[in-house]
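Subject: Structure handover

Hello,

Here is the structure, with the sequence alongside. My notes follow below it.

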Amino acid sequence: MFSAALRRFQEKWRSYRYRFVPWVVFNLPKNEKTLRLVADRSEDKVVSDEQVTESLQRLFRALLRSSGGLLPGDHRGPTHQEQKEGEVLFQSLGFCVERRPSSLPSAGTGVFVVKGVVPKGAPVVMYPGTVYQPYEPILLQSIRNPFVFRCIDGVLVDGNDKGISRMVFRSCSGRDRMGPYLTSDTSWLTDSPRNPLAVGQYVNNCSNQRPANVCYQEYDVPKSFPIELRQFLPNVNYSHCTQRPLRCVVLVSLRDIPAGEELFSNYYTIVR
C-alpha cells in the first residue's frame, strides 16, 4: 500500500506544472479547489503566441514613442510630450494595472485593474526576472526566495527584485546590450517600471472564495521581435551562451476583469 501511494505521489509530482514549491507544501491541503487541471500540456495556452506578440509589440511601440523614441519608418521628429506609462497602457490595450495592498489579509502586495476593462484572453501582466535553464546554478539565489517560478520544461524565472537576485539581473542586462540598444528592462526592479505590465510577481494565489481570473502562460520571444522594442522586456537569460529563445511568462485573463478587481492566479497546475 505504501509503495502504491508513493508511486501516485511521484506521478503527481512529475505532472506538477510550475509555480512556487514553498506555497504548495504549506497551502495545498487548504485549497484543493484551487487546483487548475488541464487535459494535456498543449491545452495550457489560453491564447496563441502570436496574440501575445501582437499585444506586447503594440504596447512597446507606444511606450517607445511616448518617451521620445523613433521606430523604423517614422518620419516625424521625436515627441516631447511624455506620458505616464499607465496612460500609455490604457490607450494601447484599454486597461491599467497597478501594485497595491492586497485585498487578502496578510497577503502583502497585490495587483489590481485600476482603469478600463481587461477583455477575456488578454495578456494582463508579465512575470519579470532572470531566466535559468535547468542545468544552470540558482542555489544561492533560491535561498528564502518565494519568487522562483518553474516552467513546464524545468526553466526557472527568478522574479525577486532584492538581494543577489537583483544584482544578477542588473549584471546580465548590462552584459547583453547590443550597441545603442538595450535588450531588457531593469526598471521593474524599482517602484516605477517603464513597462507597466512587469508586475506579475506580485499577483496573489486564488482561494476558495477568490477564484482565479488570470493564469500563467509561457511565451518564447520570437527571433523576429524588433530589437528596438526588446528594451521593454523584463526578462534576461542568466547565460549569454543560451541558444534557446528568451523565455517570458505572461498572465492571461480567463474572463473580462473590470476596474477595481484584484488579479488572482493558480500557483498549482496539474497536467493530466
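Let me start with a lysine. Lys115 is partly exposed at 32% relative accessible area (buried is under 20%, exposed over 50%, partly exposed in between; 1.4 Å probe, protein chains only). Its partner is Glu87: the two side chains form a salt bridge, 3.4 Å from N to O (a side-chain nitrogen of Lys or Arg within 4 Å of a carboxyl oxygen of Asp or Glu). The pair joins distant parts of the chain, with Glu87 in helix 4 and Lys115 in strand 3, 28 residues apart. Helices (H or I, at least four residues) and strands (E, at least two) are DSSP runs, numbered from the N terminus. Glu87 is partly exposed too, at 30%.

Some ground rules. This is a predicted model, where local features need pLDDT of at least 70 and side-chain atom pairs pLDDT 80 or more, while totals for chains, interfaces and linings use all residues. Residues are numbered from 1 along each chain as its sequence is written, and side-chain values use heavy atoms, without hydrogens or water.

**Other salt bridges**

The whole structure has 11 salt bridges. Arg255 meets Glu261, with the closest N and O atoms 2.8 Å apart. Arg255 is partly exposed at 34%, and Glu261 is partly exposed at 23%. Asp49 and Lys45 pair at 3.1 Å, N to O. There is also a network: Asp153, Glu218, Asp220, Arg244 and Arg247.

**Cores**

The largest nonpolar core has 46 residues (buried Ala, Val, Leu, Ile, Met, Phe, Trp, Tyr and Cys joined through side-chain atoms within 4.5 Å). Phe60, Val125 and Leu263 touch the most other members. A second, separate core of 11 residues includes Tyr132, Leu156, Val168 and Ala198.

**A buried asparagine**

Asn195 sits in the loop between helix 6 and strand 8 (204-205). Its relative accessible area is 0%, so Asn195 counts as buried. The Asn195 side chain reaches the backbone oxygen of Phe232 at 3.0 Å. Leaving aside neighbours within four places in sequence, contacts of Asn195 include Leu59, Phe60 and Met126 (heavy atoms within 4.5 Å).

An open, mixed sheet has 4 strands in the order 6-7-5-10 (two strands pair if DSSP finds at least two bridges between them). Strand 6 (148-150) and strand 10 (235-237) are the edges. Strands 6 and 7 pair antiparallel over 3 bridges, and Val148 stands opposite Asp158.

Best regards

Note on methods:
A polar contact is a pair of N or O atoms within 3.5 Å; within protein, one must be able to donate a hydrogen and the other to accept it, and residues adjacent in sequence count only if both atoms are side-chain atoms.
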